[in-house]
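Colleague: I am new to this structure and would like a close look at one part of it. Please start with that part and then connect it to what lies around it.

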Amino acid sequence: MLKDRTVQVVFAGMLASIVLGYFIPDWVMNQLMFGFSRALAVLGLMVLWRTGLVSFGHAFYYGLGAYAVALLDIYLGVSDAFVRLAAAVVVAGGVGWLAGFILRNYRDIFFAMLSLALSMVLYGILVKTEALGSTDGFAVSVPTFFGYKPEGKYALFVLICVVGAFSAAGVQFYLNSTLGKLTTAIRDNEVRVEYLGYSVAQAIHVKYVISTCLTGAAGAMTAMALGQVDPDSMVNWTASGELVFVTILSGPGSVIAPFIGSTVFELLRTYAFELVPHAWQLIVGGTLLTIILFLPGGVWSLVERFMGTGKKT
Amino acid sequence: MNATHPILTVKGLEKSFGAVTAASDVNLDVVPGEIIGIIGANGAGKTTFVNMVTGYLQPDAGSIQFEGRELVGFAPRDVTQAGISRSFQVSQVFSTLSVYENVLTALAIARSPGLDMLKPMLRPDLEARCDEVLARYQITDYRDHTVSTLSQGVRKLLDIAMAVVSEPRILLLDEPTSGVSVEEKFDLMDIVIGALREDNVTVLFIEHDMEIVERYVSRVVAFYQGKIICDETPAQALADPAVQEYVIGIRADAQAEGG
């Protein structure tokens with residue numbers, strides 16, 4: 001597995017980010033933290049997208065992860081980053097596993113909309129329930145690491161880089177496996193896959209659970225990086241749309257793509273907001289249009305093009 | 001019939017779709033190594049029979065025993081895992097993948113029970129075996145061609161090659177020569193039947209073309225309105241008045257009408 005070039009690049013990138021993170025100003029580190037956190041969810045959507053499945057409701061799992069962290073903090077006083085992360089993954093993955101029994105039977109628009117329906121149910125519950133923070137959400141306390149309470153956010157940044165790298169490597173391993181490579185085959189001909197002796201429903205269920213675990217982790221990381229959770233930016237359908245947006249922006253070509261795409265999105269949004277505070281969506285929307293028209297492979301296709309010409313010369 | 005114990009025993013199979021009877025008291029014993037031709041007019045129940053044996057359709061009544069196991073209630077993937085594969089009248093292949101990727105996918109699934117599905121798909125033993133299969137079915141020339149660019153004949157060979165990589169004991173071929181040009185069909189059948197005989201695979205194949213039936217099968221089973229009306233050697237079957245009237249006769253008329 002360590003011979004895999006992509007995995008080598010992932011870990012090299014992780015080390016570079018960790019070293020760089022020590023020197024860069026806080027606001028840049030914040031941008032990277034949000035970018036890399038969200039990248040985990042994008043990675044999850046990519047796993048589904050490769051089989052032709054799009055989920056318009058992944059903010060459901062993003063929110064489950066984030067709220068798992070917040071509720072553990074508020075009601076049980078859990079501040080350990082590892083416990084929070086594990087809890088978020090278990091909650092999101094567990095709910096994803098249950099929902100998967102229904103979703104694995106649907107494709108296309110039905111798959112996309114069923115996920116959306118689930119996320120809107122959660123949104124409704126959160127907004128209406130005072131004990132769950134209602135529309136304001138909760139503030140999340142600064143995470144600790146095995147009892148160690150660091151100054152600043154650098155420790156959390158390192159954790160996000162490490163979790164991101166291991167997740168990317170894990171997904172890469174999965175995508176190279178027989179199960180993970182059942183993507184185009186399922187898209188082309190489900191009947192044949194069944195007759196070859198494997199259950200399409202099961203293959204999709206596995207993809208779905210992987211994707212929900214990653215998205216739960218993304219929610220947990222974002223909650224800790226941001227120091228708060230709220231239904232509108234994390235569970236509402238616009239949050240789901242944003243995740244799909246970043247997935248398209250990144251492109252499905254590589255497990256590294258989500259990290260680049262998500263960071264680009266973070267910067268794009270920040271600068272667009274600074275430039276035209278009242279119409280920043282215009283710039284973001286225009287970018288998506290440009291990507292779909294001219295770069296259907298996402299930002300990653302630029303990287304590929306750059307590396308391709310780099311190799312030849 | 002020789003004394004060998006049957007590998008497949010079908011008893012009292014029944015299936016109807018509304019008022020249409022697709023199978024009515026179908027009984028069949030298949031001995032290992034046989035090559036059986038299934039003939040009958042369109043709608044006689046041939047494909048329904050194959051679909052029931054492979055788990056795509058569940059019979060209304062009856063039993064299908066394979067190597068002593070009851071197959072009724074099995075899903076297609078369970079039947080494949082039990083050791084019965086099939087090909088399709090319209091080739092069921094992965095049209096945006098290359099020929100090599102198609103066979104590799106089939107092979108990797110067949111060779112990856114349980115958690116082995118998490119092993120890499122590209123592994124040296126599979127890749128070597130994959131090239132052997134391509135050579136055996138004489139599609140090596142098309143190795144890296146995308147399937148959607150291939151002729152019907154090559155697709156049929158690929159479809160069958162994908163069905164045999166799981167090393168089934170029985171292979172059901174649904175009209176292996178349909179859509180294949182007259183010049184190609186005997187070559188195709190020579191390749192397929194030759195390879196299957198070598199591997200000692202028991203074959204049941206649906207065929208409309210009596211030339212093909214006469215040349216390749218050891219036994220003919222004729223269907224008419226969901227019933228088996230004849231189960232004989234090819235020479236006997238083709239001389240059988242019932243077969244001539246209900247199978248060959250009807251086909252001749254249909255062809256004449258179709259112009």
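In the hairpin of E1(B) and E2(B), how many residues lie between the strands, and which residue takes a positive phi?

Modeller: This is a predicted model, and what follows should be read with that in mind. The hairpin of E1(B) and E2(B) has 2 residues between its strands, and Gly18(B) is the residue with a positive phi, near 60°. Strand E1 of chain B covers residues 8-17 and strand E2 of chain B covers residues 20-30; the two pair in the antiparallel sense, over 7 bridges. One of the residues involved is Leu8(B), whose bridge partner in E2(B) is Val30(B).

Chain B also holds an open sheet of 6 strands, in the order E6-E7-E8-E3-E9-E10 and with mixed pairing. Its edges are strand E6 (84-86) and strand E10 (227-232) of chain B, each of which pairs on one side only. From one strand to the next the twist averages 20°. Within this sheet, strand E3 (residues 35-40) and strand E9 (residues 219-224) of chain B run in the parallel sense and share 5 bridges. Ile39(B) has Ala222(B) as its bridge partner in E9(B). Helix H1 of chain B, residues 46-53, packs on the sheet and touches E3, E6, strand E7 (170-174), strand E8 (202-206) and E9 of chain B. The direction of this helix makes about 145° with that of E7(B).

Ala222(B) comes up again in the largest nonpolar core, which has 178 residues: Ala217(A), Val103(B), Ala161(B) and Ala222(B) touch the most other members. The element that gives the most to this core is helix H10 of chain A (residues 200-226), with 16 residues. Setting aside residues up to four places away in sequence, Ala161(B) touches Val103(B), Val133(B), Tyr137(B) and Ile139(B).

Val103(B) belongs to H3(B), where it is among the buried residues, as are Leu104(B) and Leu107(B). H3(B) is mostly covered, with 11 of its 12 residues buried. From its first C-alpha to its last the helix reaches 17 Å, close to the 16 Å expected at 1.5 Å a residue. The cover over its buried residues comes from both chains: it includes helix H7 (178-181) and helix H8 (184-188) of chain A, together with helix H4 (124-136) and helix H5 (152-164) of chain B.

Leaving aside neighbours within four places in sequence, Leu85(A) is in contact with Val163(A), Ala217(A) and Ala220(A). Leu85(A) sits in helix H4 of chain A, residues 81-103. Leu85(A) counts as buried because it has 22 C-beta neighbours inside 10 Å, and the cut-off for buried is 20 or more. Leu85(A) and Val163(A) are 78 residues apart in sequence, while their C-alpha atoms are 9.8 Å apart in space.

Conventions
Residues numbered from 1 in each chain as written. Chains lettered and ligands numbered in written order. Predicted model: local features only at pLDDT ≥ 70, side-chain atom pairs only at ≥ 80, totals over all residues. Pairing = 2+ DSSP bridges. Helix = DSSP H or I, 4+ residues; strand = E, 2+ residues; numbered from the N terminus. Axes fitted to C-alpha atoms, helices over the stretch in contact; angles between N-to-C directions. Contact = placed C-beta atoms within 7 Å. Core = buried A, V, L, I, M, F, W, Y, C linked by C-beta atoms within 7 Å. Expected span 1.5 Å × (residues − 1).
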